[in-house]
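Here is a short report for a reader new to this structure. It covers charged pairs, ring pairs and surface patches.

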Amino acid sequence: MSKMSRAFNVSQQKLAEKLSILCDRGVGMLTRIYNIKKACSDPKSKPSFLSDKSLEGAIKHVVKKFPNIDVKSNLNTLNAVNTMKADIVKSLALYYFTFVDLLDFKDHVSELLTTMDTCQVLFNVTTCFDLTRSYLDLVSTYASLMILLSRVEDRKVVLGVFNTAHELLHGNSDPNFPRLGQLILDYDPPMRKLAEEFVPHSKLVLRALLSLKTVYPRRNLSAKQWRSAQMLSLVTAPSQMLNPAQTETMPCEYLSVNKMEKWIVIGFTLCYQHLGTSGASELWVQALSGSLVTQVFRDEVIHTQQYIIGFFESLKGLSKRVADVRECLQTAQQTCANTHRERRKFLRTALKELATILTDQPGLLGPKALFVFMALSFSRDEVEWLLRHQNHVIPRQTKGKSNTEDFMDRALPELLFGMEELRALVKKYNQVLQRYYVQYLSGYDAVVLNECIQRLPHVPEEESVILSSFYSTMTELDVKQVEEGELFDLRGFRLDWFRLQAYTSVGKSSMMLEDNKEFAKQMNTIAFHSKMVDALDEILLETSDLSIFCFYSKLFEQHFQMCIEFPPQMRYTIAFPLVCAHFMQCTHELCPEERNHIGDRSLSVVNMFLDEMAKEAKNIITNICDEHCLLSDQLLPKNCAQQIALAVNRQKKQDKKQRPVQQPERPGIESYRKTREELTTMDLQHMALTELCFSINYCGAIHVWDHIFAPREYLAQHIETRFNKALVGMLMYNPDTQEIAKPSELLGSVRAYMSVLQGLENYVHVDVTRVFNSVLLQQTQPQDSHGEKTITAMYTNWYLDVLLRKVSTGQIMYSKNQRAFVSLTTDERQLNFNAEEYSDIVELRALSELVGPYGMKYLSESLMWHIASQVIELKKLCIQNKDVLADLRTNFDKPEVIMGLHRRLLNLDNVLQRMTIIGVILCFRQLAQEALHDVLQDRIPFLLSSIRDFHHHVPSEQDTQLLANIRTQIVNEMATAAGLPAKVDPALCTALRAQKMEGISPDEDYQISCLLMVFVAIAIPKLARSDASTYKATLEGHLNNSHCLAQAINHIAAAMFTNCGLGDIEERLKEFLALASSSLLKLGYETDKEVVRNRESVYLLLDEVVKESAFLTMDLLESCFPYALIRNAYHAVCRQSELYAG
């Protein structure tokens, strides 16, 4: 009879398999009910018709009559449901059938618990660990499921409305509805019905819980006891450091204390009749004194003591138990916060020590793996405890102070970081663990197990087969399998051990596991060792899963914000993005619809955290850069004026009664330190940057839901954006006052900024050079990648719209000997800047360094566009005077005719003004090109020498005319881009071609170009009438910048006639020289002093034209205009300048 009973109870019932499946299915059902609860409580996600006003009456009727809803007798009331019955059935089907699945799960659990009662299973967590844990998990999951079910607000509405719609649609109610309705009524509230339901199972539950009395008190120690026992320390006994860490209850060492507390709280609440049993009360009191909140599922909790008090008060004869619970509540309120705070403090130090030692000696992971998983489990329990209490404990006043601070921990990030550090070590050195435990299992555990098996009495055949498979599986393991990268799968091995626990833990078994504790302890140890080989991810999930943060998102973000604002914890901010990788671990295959939602949440949160970290680092870097820019500005030459003035004043005799002048601080004074303890603001900024960069640099990539996040790239992008804005900001351009920073000052600030950013590479592996290349290259274009104006565009606009426009108004002149534009007035109301401070060679070289060849090319193109616009206007003037100019061109040797024609010319002053503007622009461009050439000569001398060679030797003598022209154009463009001068300016040619006059044929354009040169030649003598044409010898220029006409005449003639394509530039310039010489020589015969007021100054223009020309020679000038006149003119203007100076 006993053999038949054993066969029926164990072999056929498959207790191990059913427990495994139902525990997993229970978690899945919890997930689905949880999602239904959240959906129904959120107006945005709940089914829309549940909020439909037309259904309010029907819904109230359904809830009132639930579950006995007579559809046929209340058709009028339920008419609104009838109109949308198909939609209701479709949208509520998932909800309804989840409750049907719950009913099915309940039936299977009840059946299994009854079967185990019948089999008289003997539970003991220290021997049959897997069996006992699974049983207690199933009990607590089942109770949690019923508690959660009772919290679904619209459960009656969902079930009742669905069944009503189903009956209206199909003519009959759903067959599951009566049982579902009764289920809802029975478990509202749930604990009374659960307690009644567990009366027949209470003995097994009690036995399972009492087996914890040797484990739970030992695990639930204070931090002081941990310290005295030197828990988790690898250096306590150096001589035993290589010895494997193991105990007689290996799986219990990293079993979650929170889970054990939940088992005890729920188990004894259901079986409250047995609280008087020896050992039960002690466990119960200790569990209730350790916390105020117990997790139901995810962020759903019960306020433990209050919930139990409410349940016990609903029963008779439990007043003593209620008093005990109240006492436990008072104890917990007074002590639990401090107890757990001290534990977290201890664990932070312990985790840091473990990580430091194992990072240095990863080989110790093998023998000390148990310590790692114990540390992770302890830490995870403390993190979860803190989250639950911080979010759910209602603040209370104690002696005028709130207990809210009791559940705040600013050092939590350090604990999270320590956990992530240990997890990373386990994953990184997984092969170390595999090698160690493969050899351990095959070389030691197999031998010990074989000896234990030999000592076992009365082993039945079925158990004997399992034991033999254990030994053979272990002996077949070989370290070569690890070296070859073979995948291990020992799940069958552990499942067989689970089965064996079930077979040998039932009553009347011929081989009782309880009587063979040595064998059980050895097998539990072997099961742990096997997990080190093939289930590291599983045990990491079991001991260090932090996916709970997904459901405490506000707290998660608050802790992150506190961490990033608290310098001592800044280096641990990376823990928060790393924790986001855990979120997907809380999903379940029974609820696939939440996978995308949780995945999206994890991605958004990790992105937000990394972005905030990068922003904070960027802000700190910006502060440091700004400070360095200020220090750099103190070294500018203009700032030494005050020091010079003070030095001069000290040398003079001063009144003794005069108060001493306060000495200004000299640059560098900030570097003097009296003591190391006095930290400046910059010291604090650098410390914060070091800490934050350590965090950003901690890991190169974070994997979250099949996405990879690179923290350093976030920082690089923010630095790039900030540097881009800073460059434009340092211009200090004010559109109202037209003020702008000098290029040399901006360059100094940029160099200071860049030096700080380059130092960033000492803290974090960011390619700052790439950032520089990207940003500075963008700044050489008129717009950056965001469409904003760059320093190139702003400087170009300023030089064109401010500086050169002031030149045309006569307030600034171009000085040849100073190679700069010079201000002619000191009245700030007319001119609020010094032109020489923006246009001398130093400033233009700085500008060239800032904007580079691309930026200078853009500046050049903008200048040429303005010149082309002026040329178009000049040609229009030529067309107005076309006939007169044609006659002047053919009759230049007839003075009487020319005099008459000259009076008929219109807009002579306009021509001179526009040509002067062109000349001024060309002079400025020449300065810019020279500055660019100087910079490139310093930066790329070898490349520049190659460009010079091309420019000198191309085209070759063997080239045809067409090929020579093409090659010349290409090489000229390259040379011009490098700042080298060309006979014919390619940029000007391109600009003139782009702005051709419409309706003008090439021949006509050529004729107009010729007439333009005639027009200018005839107009030049009129300059002698103007006082502004005075030549200032000290500046080598005319006050009205008419000396710039030389540049305009040569460049415009070369460009216009090159575009015409006839190759007669030299002939046209000779013609111009002849006409201009003839016109100027007539000034010698003028008797009117007004006409010849500045005749000598105007004579100098011919000399300037020839000097600036690549096509005219001094011999040619001598043949047209006596050089003696030019020499005398130089003497005259120099004497005049000396007289003015005197």
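## Salt bridges across the chain

Asp409 is buried, with a relative accessible area of 8%. Here, buried means under 20% relative accessible area, exposed means over 50%, and partly exposed lies in between (1.4 Å probe, protein chains only). The model is predicted: local features need pLDDT of at least 70, side-chain atom pairs count only at pLDDT 80 or more, and totals for chains, interfaces and linings use all residues. Residues are numbered from 1 along each chain as its sequence is written, and side-chain values use heavy atoms, with hydrogens and water left out.

What does Asp409 form a salt bridge with? The partner is Arg348, and the closest N and O atoms are 3.7 Å apart. A salt bridge here is a side-chain nitrogen of Lys or Arg within 4 Å of a carboxyl oxygen of Asp or Glu. Asp409 sits in the loop between strand E4 (401-402) and helix H19 (412-428), and Arg348 sits in helix H17 (residues 319-360), so the pair ties together parts that are 61 residues apart in sequence. Helices (H or I, at least four residues) and strands (E, at least two) are DSSP runs, numbered from the N terminus. Arg348 counts as buried, at 16% relative accessibility.

The whole structure holds 52 salt bridges. Side chains of opposite charge can pair when their charged atoms come close. Three of these bridges are set out below.

| Salt bridge | N to O distance |
|---|---|
| Lys37 and Glu300 | 3.0 Å |
| Asp409 and Arg348 | 3.7 Å |
| Glu849 and Arg939 | 3.9 Å |

Lys37 and Glu300 link distant parts of the chain. Lys37 is in helix H2, Glu300 is in strand E2 (residues 300-303), and they are 263 residues apart. Lys37 is buried, with a relative accessible area of 13%. Glu300 is buried too, at 7% relative accessibility. Both residues belong to a network of salt bridges that also links Lys38, Arg151 and Asp299.

The side chains of Glu849 and Arg939 also meet in a salt bridge. Glu849 lies in helix H36 (residues 841-880) and Arg939 in helix H39 (residues 908-939), so this pair ties together parts that are 90 residues apart in sequence. Glu849 is partly exposed, at 31% relative accessibility. Arg939 is exposed, with a relative accessible area of 55%.

## Aromatic pairs

How many aromatic pairs does the structure hold? The count is 47. Rings of Phe, Tyr and Trp (its six-membered ring) pair if their centres lie within 6.5 Å; planes under 30 degrees apart count as stacked, over 60 as edge-to-face and the rest as tilted.

Tyr34 lies in helix H2 (residues 15-41) and Phe297 in strand E1 (residues 293-297), so the pair ties together parts that are 263 residues apart in sequence. Tyr34 is buried, with a relative accessible area of 5%. Phe297 is buried as well, at 12% relative accessibility.

Tyr795 and Tyr799 form a tilted pair, 6.2 Å centre to centre, with 35 degrees between the planes. They are four residues apart in helix H34 (residues 791-808), which means about one helical turn separates them. Tyr795 is buried, at 2% relative accessibility. Tyr799 is buried, with a relative accessible area of 0%.

## Surface patches

Patches are made of residues with over 30% relative accessible area and no salt bridge: like charges are joined within 9 Å, nonpolar side chains (Val, Leu, Ile, Met, Phe, Trp, Tyr) within 5 Å. Lys and Arg count as positive and Asp and Glu as negative; His and the chain ends are not counted. The place of a charge is taken as NZ of Lys, CZ of Arg, CG of Asp or CD of Glu. Accessible areas come from the Shrake-Rupley method with a 1.4 Å probe; for residues, only the protein chains shown count as cover.

Asp626, Glu627, Glu665 and Glu670 form a negative surface patch. Glu670 is in the loop between helix H29 (641-651) and helix H30 (681-697). Glu670 is partly exposed, at 37% relative accessibility.

Leu679, Leu684 and Met687 form a nonpolar surface patch, with about 290 Å² of accessible area together. Leu679 is also found in the loop between H29 and H30. Leu679 is partly exposed, with a relative accessible area of 45%.
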